[in-house]
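User: I would like to go through the terms used for this model and see what each one rests on. Please set the values against the criteria.

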Amino acid sequence: MTVSDAVSTDPLQPQSAEQAEAIHVWNLHKRFGALEVLKGVSMTARDGDVVALIGGSGSGKSTFLRCINFLENPTSGVIRINGEDIEMVSDGAGGQYPANRRQIERIRSRLGMVFQNFNLWQHMTLLQNVIEVPVHVLGMKRDEAIAIGEQLLERVGLSAKRDVYPAYLSGGQQQRGAIARALAIQPRVMLFDEPTSALDPELVGEVLKVIGDLAKEGRTMLLVTHEMKFAREVASHVMYLHNGIVEEEGPPEELFGSPKSERLKQFIRTVS
Amino acid sequence: MADGSIIPEAVWQTLALLSPSPPGWGGNLLRGLLHSLQIALGAFGMGLIIGTLGAYGKLYGSPLVRDLAGIYTTIVRAVPELVLILLLYYAGTDLINRTLEMAGYQRIDVSGLVAGIVVLGFVQGAYATEVLRGAIKAIPFGEIEAARAYGMSPTLMMRRITLPSMLPYALPGLANLWLIATKDTALLAVVGFSELTLETRQAAGTTKAYFLFFIAAGALYLLITLFSNVLVARIEKWARRGMPSIREARS
């Protein structure tokens, strides 16, 4: 089956081809006690955008990604997802938390998060992991979820492993399975949090290939990564974070080809 | 010895005391066993419910809830179970009846079975709280985070992720609690509840065949344990379905 003859029914295709705003973040701050990790970061991702976040460790790039689905509560700032503003209330101690838990749950269930350490549920087989959220959070019929789940596992090359528990899979297989789990919710945006950092070097390629294919399909993605070459290939927009602010951003050719900031020049030299 | 049997007649007569129908006392012992099992099952189940609430309260509750759970587990685990049973049984039923009388109702007779389950369940709950709290803390943090990241509500997460994930870590401790529950039922003999130990004492006292009846009771307790071990091993195998065998990992 080729991709083109399955377009109309293919669950892997993004829902909308319009260039609408998928995620809009304005002036995001995040403070852990005395430590301010994000000092006013703004970003807009439209449908089809692939935004790569790069930066040294401690630059705040992972925290920024985790604020978007509220795994961390931002200290201040505006987050709008699918055109929906997230209402926050003050916790009375300088922080804030989401006013409406259900709104957060609804938004999270449309953001496909892929973690550095895969975080597959160990007591479920690979297929069970993939259908868990569609069936129990999104209310999809089990048969339908299984049919889609099987297609997705085929897409990431894991059909033969559908009934295997995660502990029996290699890191690369687990991460590809985790990507299938993220795709199964038909996400508006995919969030990748250093998806290859926990992998043995020889397993990085298979995971990057899957992510690269998704980028080519026109999926909207936010990607925190240390793989500069990969970021340059797949990203439509790159943001370089340093000490909690966006030091420089732009199209990948520009950013990697002719970096303006001294820090970015140095960063590119050290990682490549 | 007249019929040439190797076993003396006197031994036969003694063993006949175990016959399930009168004049044998076997029926009483089995009835006592049944009562013991009912109480143990009820108390263990109640302990699991209290323990789950207690563990969640201690882990995720507000400061007040955490303090209350802390006081509960500390006091229950500090006071000897026999004292707790006497206290809860007599003071508990007294309290209920006084409350009823003050509200203008008739005194009630609290059934020994219900009282036994509640009293032992209250004790079990304190230990189960700690077993389950430890097991929940042993779940890899990322699995909980993934559940949050995919929009699971707290109750869905508890049902689908937290409880099944913590089960392998909780089972050894819970199996201990279950076996303790079966034996703690013997403590209810002091409040006159006719479970296995009290039935045994009565049978032995009446017939003077102490050795026979206490050996028989011991054998029944042992059978419960052996049967439980088989069951627990099966449950543990199922609960650990996603985990590679420890033995394989050792090599």
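Analyst: The model is predicted. Strand β8 (residues 111-114) of chain A runs parallel to β9(A), and four bridges join them. A:L111 stands opposite A:V189 in β9(A).

User: What makes β8(A) and β9(A) a pair?

Analyst: Two strands pair if DSSP finds at least two bridges between them. β8(A) and β9(A) are joined by four bridges, so they count as paired.

User: How do you know that β9(A) is mostly covered?

Analyst: A residue is buried if 20 or more other C-beta atoms lie within 10 Å of its own. In strand β9 (residues 189-193) of chain A, five of its five residues are buried. Side chains in a regular strand alternate between the two faces of the sheet. In β9(A), A:V189, A:L191 and A:D193 are buried on one side, and A:M190 and A:F192 on the other. Both faces of β9(A) are therefore covered.

User: Why is the crossover from β9(A) to β10(A) called right-handed?

Analyst: β9(A) and strand β10 (residues 221-224) of chain A pair in the parallel sense over four bridges, with A:D193 opposite A:V224. Between β9(A) and β10(A) the chain passes through helix α6 (residues 201-216) of chain A, and this β-α-β crossover is right-handed. The term applies because the path from the first strand over the helix to the second runs clockwise with the strands pointing away from the viewer.

User: What makes β8 and β12 of chain A the edge strands?

Analyst: The open sheet has six strands in the order β8-β9-β10-β3-β11-β12 (chain A), with mixed pairing. β8 and β12 (245-250) of chain A each pair on one side only. Neighbouring strands of this sheet are turned by 15° against each other on average, direction ignored. Further along the order, strand β3 (residues 50-54) of chain A pairs with β10(A) in the parallel sense over four bridges, and A:V50 stands opposite A:M221.

User: Why is helix α1 of chain A described as largely enclosed?

Analyst: Eight of the eight residues of helix α1 (residues 61-68) of chain A are buried, so the rest of the structure largely encloses this helix. Among them are A:F64, A:L65 and A:I68, as well as the charged A:K61 and A:R66. α1(A) lies across β3, β9, β10 and β11 (237-242) of chain A, at about 150° to β10(A).

User: How many residues does each chain bring to the contact between chains A and B?

Analyst: Chain A gives 22 residues and chain B gives 19. On the side of chain A, α2 (101-108) and α3 (126-136) each supply at least two residues. That side divides into eleven nonpolar, seven polar and four charged residues.

Definitions and conventions. Residues are numbered from 1 along each chain as its sequence is written. Chains are lettered from A and ligands numbered from 1 in the order in which they are written. This is a predicted model: local features need pLDDT of at least 70, side-chain atom pairs count only at pLDDT 80 or more; totals for chains, interfaces and linings use all residues. A residue is buried if 20 or more other C-beta atoms lie within 10 Å of its own, exposed if 12 or fewer, and partly exposed in between; C-beta atoms are placed from the backbone. Two residues are in contact if their C-beta atoms, placed from the backbone, lie within 7 Å. Axes are lines fitted to C-alpha atoms, for helices over the stretch in contact, and angles run from 0 to 180 degrees between N-to-C directions.
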